[in-house]
Amino acid sequence: MANRLFLLCTIPFWTSNVIRMISWIPLLGRNGLVNDFLLSTGLIDAPQEWLLYSGFSIVLAFVHLYTLFMIVPIFNSMMRIDKSIIEAAYDNGANGLQILWNVIIPLCKPGIVIGSIFVITVVMGDFITIGIMGGQQIPSIGKIIYVEMSYLQLPAAAANAVILLALTLLIIWIMTKMIDIRKEL
Amino acid sequence: MMKFLKLKPSVGLLSIPYSLIFMFFFFIPLVLTLIISFWDYNEYSIIPDFIFENYSYIFKDCFNFEKDMCVTFRTYLSTFIFCFITWFFTLIIGFFVAYFLAFYVNSVTWQIDYFYFVLFHFGLRM
């Protein structure tokens, strides 16, 4: 069973980010699966336009592609939590929500910060997802750099890239100032 | 083995391969980008120079607050908004999936299988 599951798990490694993004298009399009379903059930009268090539579809694709970058570090830091700490919290009369808020979340902070760094750096520099899911209509910094490079305005693209890098580093610096990963690990 | 090699492995020595990769594929391209961002360019070539026109062009009209927000700021604003919304949703979903995996799946085998299932679902590709 585990072997079969493992084999199943290798399948997404055969496709790229872009293919998984494009596979949302037949689902969300004007005559896509979602619109057809909603029309046939009579929930809507006309196809919904905001499903594809909009901010909604961009966020959907981002969340679909990058949630894993959040799961892995948080899972990792959760597995390090000593189960006896949680038992101690129970013994002292904390309920489930209190344990979640006062014990688990503080101990997961390094994982949350690492996951946030992954997601924020990837989204800040992204231009393919915003390009494909936004129908090339929604601006992004990566897109500006890409267009400037395609017109051989390399110095302008480099200047944009330097500013983007500085901003992303600033965000990461602020996050690591708020929670010291090195100390917590 | 150590005696045979007559080399004391140190942190510095062991970090040489990765340092070289880091230098060639990360640090040097980054420095080149920084250098080229000060060069001049025309329609068909880039010209070695030291000018700040590339930067001033990006922030042209950006600090004139009587007009609408400039293109650069609007683009950054839209990217920041996407960044924030994506961060929020990935954090919520990621936290609870990790919580389920870490605390509700008892046996280690099932934990690993569920973890692979999650990998499969979100299709990790590095």
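This is a predicted model: local features need pLDDT of at least 70, side-chain atom pairs count only at pLDDT 80 or more; totals for chains, interfaces and linings use all residues.
Residues are numbered from 1 along each chain as its sequence is written, while chains are lettered from A and ligands numbered from 1 in the order in which they are written.

**View 1. Helix α5 of chain B, end to end.** At 1.5 Å a residue, its 34 residues should span 50 Å, and the end C-alpha atoms are 48 Å apart, so the two agree. The expected span is 1.5 Å times one less than the number of residues; helices (H or I, at least four residues) are DSSP runs, numbered from the N terminus. Among the buried residues of α5(B) are B:Y76, B:F82, B:F95 and B:L101 (buried: 20 or more other C-beta atoms within 10 Å of its own, C-beta atoms being placed from the backbone).

**View 2. The two domains of chain A.** Domain 1 covers 14–52 and domain 2 covers 53–184, with bounds from an automatic or database domain assignment. Their centres, taken over C-alpha atoms, are 27 Å apart. Here 10 residues of domain 1 are in contact with 11 residues of domain 2 (contact: C-beta atoms, placed from the backbone, within 7 Å). Helix α2 (residues 17–22) gives the most to the domain 1 side, with 5 residues.

**View 3. Where chain A meets chain B.** The contact takes 45 residues from chain A and 43 residues from chain B. On the chain A side, α5(A) gives the most, with 13 residues.

Terms used:
Helices (H or I, at least four residues) and strands (E, at least two) are DSSP runs, numbered from the N terminus. A residue is buried if 20 or more other C-beta atoms lie within 10 Å of its own, exposed if 12 or fewer, and partly exposed in between; C-beta atoms are placed from the backbone. Two residues are in contact if their C-beta atoms, placed from the backbone, lie within 7 Å.
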